[in-house]
Amino acid sequence: MLTTGPRGTRDILPDSSGYWQYVENMMREVCRNFAYQEIRTPIFEHTELFLRGIGETTDIVEKEMYTFTDRGKRSITLRPENTAAVVRSYLENKLYAGPQPAKLFYIGPMFRYDRPQAGRYRQFHQFGVEAIGAQGPAVDAEVISLAVELLQRLGLTDLNLFVNSVGCPVCRPVYRLKLQEFFRDKLAQLCPDCQSRYERNPMRILDCKNETCTHHAQGAPHMADCLCDECNSHFNGVKELLTAAGISFVINPRLVRGLDYYTKTAFEIQYAPLGAQSAVCGGGRYDGLVAECGGQPTPGIGFAIGIERVLLALEKQELLPPANTAIDVFVAPLGAEIQPVAFQILTAVRQAKLAADMDYNNRSLKAQMKYANKYPAKFVALIGQDELAENKVMLKNMATGSQELVDRADLIQMIIKGMEK
Ligand code: HAM
């Protein structure tokens with residue numbers, strides 16, 4: 001137990017943390033291009049926020065939340081997603097009083113008691129954006145194009161963007177009735193989950209991965225045929241804008257998302273080579289969520305990208321940048337008594353903003369050179385008894401193999417000069 005982390009959690013080790021920084025930097029860069037600003041909300045929230053926000057009959061709320069009672073007897077939940085929390089923060093911090101839409105992004109861990117497998121974890125990380133306070137289809141197109149731009153900038157190909165409209169409280173009830181009618185005589189054959197979805201949320205049957213349910217869902221009525229005029233013209237607007245921006249998409253009438261807050265536009269980006277966990281991005285419009293959380297009716301739209309899945313996709317396409325562990329200087333003291341001077345040199349080198357390290361284990365000269373090569377180090381600064389006595393350092397250029405005895409006072413300048421060559 002003490003040497004194993006909880007199931008579904010993973011350590012991000014030094015040999016892969018550079019990949020995380022690479023994708024996170026790209027996310028920040030794209031958000032800058034699209035004028036989205038970072039928001040950081042707490043890892044835990046009042047449970048009530050997710051019950052109301054995500055919906056009590058969703059899989060997330062019913063089966064997947066990490067909920068506990070704190071010492072003050074409050075029910076607390078580790079965030080399973082961040083849209084509800086961003087909306088809470090928008091209201092609490094009166095972001096509605098600022099420029100609208102509020103264009104926000106976040107990067108951070110989420111927690112779901114999911115069945116762990118490749119691409120699915122109990123602690124995972126999302127990059128998400130939320131645009132709160134704009135009604136028209138242009139902001140839908142902007143949010144979708146941000147996700148596409150990011151994934152393309154990372155170099156991913158084989159991506160499929162699926163879009164759909166899940167309607168609104170005006171037209172969805174009509175569609176629900178149609179679906180219930182369609183599934184009525186197939187109910188006994190559906191999986192137990194879908195049997196309970198039939199009454200509570202029949203649209204989720206369309207999304208079930210069970211083969212029998214998929215089979216029985218063939219020929220089900222499409223939401224697109226039941227949209228009210230407003231939803232229909234909104235959906236047409238989104239399609240038109242995406243087309244104008246040259247973003248290819250596929251309309252998937254069976255795309256229903258697993259969270260209750262969605263209205264109108266719903267979308268997903270899949271990377272097929274990932275197999276069962278191919279959804280790298282999911283999002284949509286949530287025009288009722290701000291009011292559900294206690295604010296004035298305010299429209300919103302956003303998405304979240306699973307960072308682990310993006311990294312898996314990048315690995316598959318061999319797009320991960322090589323790890324950078326290189327340093328500028330390795331300080332090599334030859335003998336324990338030389339350590340204080342070596343440490344003094346190391347300190348000065350670092351203060352000059354060079355990347356540097358030294359030997360702390362009294363290794364032999366040969367072992368230190370091998371160690372320096374592993375980083376690799378551009379220069380090795382050797383200090384033996386002779387150098388110490390003369391206030392000098394033997395500076396070895398690891399690329400050329402040449403070495404030169406330099407005054408300690410000139411060391412940093414010599415290194416910088418050598419690096420410029
Ligand atoms: P979601 O579809 O539940 O949507 O999650 C978005 C993405 O997070 C998924 O497409 C997937 O890449 C990743 N993801 C979800 N669960 C896991 C897991 N257990 N392990 C690894 N990755 C996972 C949301 O969370 C919404 N809040 C998105 C949104 C934002 N809608 C509007 N604004």
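Start by selecting F127, which touches M27, C31, F105, Y106, I107, L146, L150, F303, A304, I305 and I307, leaving aside residues up to four places away in sequence; contact here means heavy atoms within 4.5 Å. You are looking at a predicted model, where local features need pLDDT of at least 70, side-chain atom pairs count only at pLDDT 80 or more, and totals for chains, interfaces and linings use all residues. Residues are numbered from 1 along each chain as its sequence is written, and side-chain values use heavy atoms, with hydrogens and water left out.

Now widen the selection to the core. The largest nonpolar core has 99 residues, and Y36, F127, V129, F183, F303 and I305 have the most contacts inside it. Helix α5 (residues 137–153) gives the largest share of this core, nine residues. Apart from this core lies another, of 19 residues, including V329, V341, A356 and M358. Such a core is a set of buried Ala, Val, Leu, Ile, Met, Phe, Trp, Tyr and Cys residues joined through side-chain atoms within 4.5 Å. Buried means under 20% relative accessible area, exposed over 50%, and partly exposed in between (1.4 Å probe, protein chains only). Helices (H or I, at least four residues) and strands (E, at least two) are DSSP runs, numbered from the N terminus.

Next, show helix α6 (residues 172–183) and helix α7 (residues 192–200). Their axes come within 9 Å and cross at roughly 140°; axes are lines fitted to C-alpha atoms, for helices over the stretch in contact, with angles from 0 to 180 degrees between N-to-C directions. α6 and α7 are therefore oblique to each other (under 35 degrees counts as roughly parallel, over 145 as roughly antiparallel, 65 to 115 as roughly perpendicular, and the rest as oblique). For the side-by-side view, pick R176, Q180 and F183 in α6, which meet Y198, E199 and R200 in α7.

Time for some backbone details. Most residues other than glycine have a negative phi, and most peptide bonds are trans. Select Q100 and P101: a cis peptide bond joins them, with omega about -5°, and P101 sits in the loop between α4 (83–92) and β5 (102–111). Then jump to Y375 and P376, whose peptide bond is cis too, with omega near -5°; P376 lies in the loop between α13 (365–374) and β14 (377–383).

Finish with K73, where phi is positive, near 65°, in the loop between β3 (66–69) and β4 (75–78). K73 counts as exposed because its relative accessibility is 72%.
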